[in-house]
Amino acid sequence: MHDCDNYVIEMDYVDAEGNQTHRIVSPIRFMGSYRFLGLCLCREAPRQFQLSRCKNVRLTPAADVLMPVAM
């Protein structure tokens, strides 16, 4: 992702059990063609995300986000 230090990913995420949460994630790196590693600002920890479970994905300027982010 170009200029990844200045943007975060805002998305709705569905986990393996079907639970949907709204997440704000600072991307770290892609891990193959179907998942990526990112710092979840809601959980304040690194998490892996499967791209097929990411919905309503949009980029948000990192300067507009304060940590921690409520889930």
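This is a predicted model: local features need pLDDT of at least 70, side-chain atom pairs count only at pLDDT 80 or more; totals for chains, interfaces and linings use all residues.
Which residue in β5 is the bridge partner of Glu 10? The partner is Arg 58.

Residues are numbered from 1 along each chain as its sequence is written, and side-chain values use heavy atoms, with hydrogens and water left out.

Start with the overall layout. The chain has five strands and zero helices. Strands here are DSSP runs of E with at least two residues, helices are runs of H or I with at least four, and both are numbered from the N terminus. Along the sequence the pattern reads β-β-β-β-β. Of the 71 residues, 32% count as buried. Buried means under 20% relative accessible area, exposed means over 50%, and partly exposed lies in between (1.4 Å probe, protein chains only).

Now the sheet. Strands of a sheet pair through backbone hydrogen bonds, either parallel or antiparallel. In this structure, two strands pair if DSSP finds at least two bridges between them. The five strands form an open sheet in the order β4-β3-β2-β1-β5, with antiparallel pairing. β4 (45-50) and β5 (54-61) stand at the edges with a single partner strand each, so one side of each has no neighbour in the sheet. On average, neighbouring strands are turned by 40° against each other, direction ignored.

Six bridges join β5 to β1 (residues 7-14), and the two run antiparallel. β1 also pairs with β2, again antiparallel, over six bridges. Here Glu 10 stands opposite Ile 24 of β2. β1 and β2 make a hairpin with five residues between the strands, where Gly 18 takes a positive phi near 90°.

Next comes β3 (residues 35-40), which is joined to β2 by five bridges and runs antiparallel to it. Pro 27 of β2 has Gly 38 of β3 as its bridge partner. Pro 27 is buried, at 16% relative accessible area. The β2-β3 hairpin has four residues between its strands, and Gly 32 in the turn has a positive phi of about 90°.

The last pairing is β3 with β4, antiparallel, over six bridges. Arg 35 stands opposite Gln 50 in β4. Four residues separate β3 and β4 in their hairpin, and Glu 44 in the turn has a positive phi of about 55°.

Turn to the charges. Side chains of opposite charge can pair when their charged atoms come close. A salt bridge is a side-chain nitrogen of Lys or Arg within 4 Å of a carboxyl oxygen of Asp or Glu. How many salt bridges does a search of the whole structure find? It finds one. Glu 10 and Arg 58 form a salt bridge, with their closest N and O atoms 3.6 Å apart. Glu 10 lies in β1 and Arg 58 in β5, so the pair ties together parts 48 residues apart in sequence. Glu 10 counts as buried because its relative accessibility is 17%. Arg 58, at 37%, counts as partly exposed.

Arg 23, in β2 (residues 20-30), has another setting. Arg 23 is buried yet has no salt bridge, and the nearest side chain of opposite charge, Asp 15, is 6.1 Å away. For charge, Lys and Arg count as positive and Asp and Glu as negative; His and the chain ends are not counted.

Asp 15 itself sits in the loop between β1 and β2. Asp 15 is partly exposed, at 29% relative accessible area. A polar atom of the Asp 15 side chain lies 2.9 Å from the backbone nitrogen of Asn 19.

Definitions and conventions
Axes are lines fitted to C-alpha atoms, for helices over the stretch in contact, and angles run from 0 to 180 degrees between N-to-C directions. A polar contact is a pair of N or O atoms within 3.5 Å; within protein, one must be able to donate a hydrogen and the other to accept it, and residues adjacent in sequence count only if both atoms are side-chain atoms.
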